[in-house]
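Here are my notes on how the parts of this model meet. Please read them with the structure open.

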Amino acid sequence: MTDTNRNLTQEQVRQRIEQHLASRHRKEKVFRGLGIASVAFGILAVLVLFTDIISKGSGAFVQSAIQLEVTYDPLVLGIDKVDEESLTWANFTGVIREALRERFPKVQSRSEKRELYSLVSSGAPFTLRKRLQSDPELLGKTQTVWLTADDDVDTFVKSLSDSKEGFRGRTSDQKAEWIQQLIDSGELKKRFNTTFFTQGDSREPEQAGIRAALLGSFFTLLVTLVLSFPIGVAAAIYLEEYAPKNKWTDLIEVNINNLAAVPSIVFGLLGLAIFINFFELPRSAPLVGGLVLTLMTLPTIIISSRAALKAVPPSIREAALGLGASRMQTIFHHVLPLAMPGMLTGAIIGMAQALGETAPLLMIGMVAFIVDVPTGITDPATVLPVQIFLWADSPERAFVERTSAAIMVLLSFLIAMNTAAVLLRKKLERRW
Amino acid sequence: MNKRILASTLAAVTIAASQMAMAARDHISIVGSSTVYPFTTTVAERFSRATKFKTPVVESTGTGGGMKLFCQGVGENTADITGASRRIKQSELDMCHSNGVEVVEIQIGFDGIVLANAKSAASFKLSRKEIFLALAKEVPNPDGSETLVPNPYKTWKDVNPALPNTRIEVLGPPPTSGTRDAFAELGLEGGCKSFAWIAAKKKTDKNTYKAICHTVREDGAYIEAGENDNLIVNKLVANPDALGVFGFSFLDQNSDKVQGTVIEGKAPTFESIADQSYPISRPLFIYVKKAHADVIPGIKPFLAEFTSERAWGEDGYLADKGMISLPTAKRRQVAADVRELNVLTDLSEN
C-alpha cells in the first residue's frame, strides 16, 4: 500500500513538475522575447535616426559648381604685376562678372545683371586669387575654371532630383532658366565638397566647413586628456592602494560619485567664475574649454580607474610584497600594468562624453562664430557639437544639410572612440 | 609610462603659461542678440577677408545677456561690441556707466517680426487688435465695460466672426528672447493701445499699462517653442492650424513652407518693412565700447565696413541676409556719427 501510494505520489509529482515545466518554459520564452524586443526597439530607433541624418546630410558632401571661361585681364583686375600688394586690391569679382556676361550675352538690364552675378558664390573671387597667386603666369591668359555656385543655386539644383519643379525659394524664373541651361550643357555639375573639410565656419553655406570646429575639438580634448588622465589615475591609485578606510575617504568617495552626476552646465559656470574671471584666461579658448571638461570627466575616470584597480587580485600584490617589492614598486610594476586596459577604457569613454558636450562651453564663450582655424590652445575656437548647434539655428536653407553632415562626422568619431574602447578591453583584458 | 605622462603634462602646462603671458587680444570680441548675430557674423567674415585683421569672434548670447557681458567693465577680457534687437535700457546704460564704460550707439537697420502659418492652410489676415485679443492674458470685457477679464477667446472666430473657426494656437519664442520682447511691444501693445481707456493708463499708471499690454496668456494658446526659429517653422508645417512668431529672415528662407500673415493690410516683405508700413518691425542696434576702439586692433575698420554701402545699403550683402536697411538719409547720418564715435549719454536724445 505504501508502495502504491508512493508510486502514485511520484506519478503526481512528475505530472506536477511537467505542468509546471511548461509554464516555466513559457515564462522563459516571454522573458527572452521581451529582451529581444527591447534590443530590436533600440536598433530601430538608431536606424531611424541614422537614415534621417544620412538622407538629410549626404547632400552636403557634394556642392554645385559652375564652369566658366575666366580671363585674368590685367585691365579688369586693375593690376600689372602679381605680388602680395596688388593681389589684395585686384578686382577678381570684375573678372567673374565679365565671364558671366560673356556666357549670357543677352543680359542687359541692371536687375538682370544682379541676378546673373548671384549665380556664383561670393567666395569665388578668392578661389581665383589663390590660382593667380600660385601661378603668376596666368595674368592676361584665359582659363576654364569650376567656381562654387551660390547656396540658393545649390539648394535649387539639389531639390530638382526630388521633384520636377524643385524648390525655387529665392530663385527667380529667369535664374532657374539659366541654371537649367547650364545643367543641360554640362557647365553646372555637383562635385565633391572639399570646402566642407578644409574651411572654418562661414555665413555663406557654400563656404562653410567643419575644419575649425574639428581642430577646436581636438585641442580641447587634448587639454582634457593631458590633465584628466594622469590626475584621475593618480587619485584612483591613492584612494584604492594607500588611503585608509575612514570617514574622510568615505566622504571623498560620496563626493566623487556625486560629481559624476552633476549637470555639465554647472561646470561651465564654475569655469567662468574661476578660470576666466579669477585667473583671467582668455574667453573662447580651448585651454579653458579643456579645463572645464577636465573637471567634468575627472569623476568618470577616477571611478573607472578604481574599478580597474579593484579587479586586480590581491594575490598579485601579496606576491610582489612577499618577494620584497616596495608598495610603489608593486603598484608600478604589477598592479598598474594589469589595471591599465580598464583605465584606458574609462578614459576613452570619458573623452567621448567630453567630445559631445556643449552646455559647459556656452558659459566660457566657445559657443561662437569662429572662422579662423585655431592653431593652438589659446586661439579662439569652437567645437563640433557647438558647430552643429549654430548651423541648426541658421536661417539659410543650405545649412540644414550641413547640420546633418556635421552630425555624421561627429557620430563617426564617437563610434570610432567607443569601438576603440571595446577592442582595447577585449584585447588587453585578463581574467583570473 | 607614468613618467612620460608626467612630463607631457608639465610641458602642456608650461606651454599654456607662456602663451597666456602674451595673450594680448588681437581679435574683436562681439556678443549679443541672436537676431543681430547673422548680420554681425556676415560682416565679420567679409571684413577679415578684405583686410589683414583676424576674424572677430561673435557669440550669440541674447540681447540682455550681451548687455551684461558688455557693461562688465573696460579691459581685454570684456566684449568690444554687443548686438541688440531693441534699444539699450536705461538700467543697462546706468550699469555701463557705473562700470566706466562709454558706449557708442549704432542703429544698423530693421527686422520684421512675422506671424506665419503653413502654406498648406489658408493665409491669415489679422489686425494688431485681434492679435492682442487672441494672445493677451487679460483682455477688456467683451460686454464693453472698462474692466479686464481673463482671456475668454478659444478660437479665432471668437475674436472676430470673420476669422476661421480654428483653435487659437501660436508658437513663439520664450520670454528670454528679444524677438518676444519686440513682439509684445509692437504687436500686442499696438493692439492694446487701440482701447482708449487702456491707452489713457499709459500716462497715469505706467506699470499697470505695461502689465496689461505685454503679458501673454499662459493657458496653452501661446506655446513657447524655444529660441530655435527653424524648429518653429517645422512645427508649423506639421500643424497647419497653428501660427508661429519669428524673424523675417526665416520667412524669407522658407517661403516654400510657410506664408506670412497679412497684418493690417500689409504683407511682410522687404519693401513694407523698410518703409515701416508693416506694423511689427523693430530697429536693430550694435553698441561699441569707445575705450576699446583704439586698443583692440580693427574696431574702427570693422565699423567702417559695417556702415559701408556694400554692407548695409539697400543692395548690400546684409540685405541679402534678410536685414532691412535704414532710409538713405538716416544711413548717412549714422555713418557720420560712427566716424566721430559719438558717445551715448542718455536715451532721450535721438
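1. Chain B touches chain A through 34 residues, and 34 residues of chain A are in contact with them. Contact here has a cut-off: C-beta atoms, placed from the backbone, lie within 7 Å. The model is predicted, with local features needing pLDDT of at least 70 and side-chain atom pairs pLDDT 80 or more, while totals for chains, interfaces and linings use all residues. Residues are numbered from 1 along each chain as its sequence is written, chains are lettered from A and ligands numbered from 1, in the order in which they are written.

2. Which elements of chain B give two or more residues to this side? Helices (H or I, at least four residues) and strands (E, at least two) are DSSP runs, numbered from the N terminus. H1(B) gives the largest share, 9 residues.

3. By class, this side of chain B has 17 polar, 11 nonpolar and 6 charged residues. Ala, Val, Leu, Ile, Met, Phe, Trp, Tyr, Cys and Pro count as nonpolar; Asp, Glu, Lys and Arg count as charged; the others, Gly among them, are polar.

4. E2(B) and strand E4 (residues 368-369) of chain A run antiparallel, joined by 2 bridges. Pairing requires at least two DSSP bridges between two strands. Val58(B) is the bridge partner of Phe369(A).

5. Chain A has domain 1 (60-193) and domain 2 (211-428), with bounds from an automatic or database domain assignment. Their C-alpha centres lie 46 Å apart. In contact are 6 residues of domain 1 and 7 residues of domain 2.

Note on methods. Contact = placed C-beta atoms within 7 Å.
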